[in-house]
Amino acid sequence: MNFIAFLILGLIAGVIAKLILPGRQGGGWIVTLLLGVVGAILGGWLGNAIFGVGVDEFWSISSWLLAIGGAIIVLVIWGLIFGRKRADA
């Protein structure tokens with residue numbers, strides 16, 4: 001898959017992950033793009049390690065599911081690190 005297609009896949013996967021997860025996540029479209037691309041990389045790596053399937057083709061359902069799953073994992077980790085801070089009153 002070429003670089004532009006991978007960025008588009010990552011952006012869309014990041015947006016879908018933000019729609020799937022409840023709550024309010026910060027960040028604009030650049031953060032969404034970065035989280036989605038990192039999630040697509042993570043999803044491709046996990047898919048290759050576990051199932052022997054990677055993020056190879058743009059129109060492959062396995063590529064989309066792995067990218068979205070990876071983006072959800074990255075978004076959960078992002079929320080744990082940069083989540084809302086509670087004020088101790």
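Contact here means heavy atoms within 4.5 Å. With that settled, I looked up the contacts of this predicted model and noted that, among those between residues at least 6 apart in sequence, 63% join residues at least 24 apart.

**Overall make-up.** I went through the secondary structure and found three helices and zero strands, arranged along the sequence as α-α-α. Of the 89 residues in the chain, 35% count as buried. I also noted an accessible surface of about 6000 Å², with 71% of that area belonging to carbon and sulfur atoms.

**Helix α3.** I then turned to α3, which covers residues 61-82 and has 22 residues; from its first C-alpha to its last it reaches 31 Å, close to the 32 Å expected at 1.5 Å a residue. Which residues of α3 are buried? I listed S63, W64, L66, A67, I68, G70, A71, V74 and L75, and I found that the cover over the buried residues of α3 includes α1 (3-20) and α2 (29-50).

**How α2 meets α3.** The crossing in which α2 passes α3 is right-handed.

For the residues at this crossing, I recorded V31, L35, G36, V38, G39, A40, L42, G43, G44, L46 and G47 on the α2 side, which meet L66, A67, G70, A71, I73, V74, L75 and W78 on the α3 side.

How values were computed
Residues numbered from 1 in each chain as written. Predicted model: local features only at pLDDT ≥ 70, side-chain atom pairs only at ≥ 80, totals over all residues. Heavy atoms only, no water. Helix = DSSP H or I, 4+ residues; strand = E, 2+ residues; numbered from the N terminus. Expected span 1.5 Å × (residues − 1). Buried < 20%, exposed > 50% of the residue type's maximum accessible area, 1.4 Å probe, protein only. Areas by Shrake-Rupley, 256 points an atom, 1.4 Å probe, with all protein chains shown as cover. Left-handed = near helix turned anticlockwise from the far one by under 90°.
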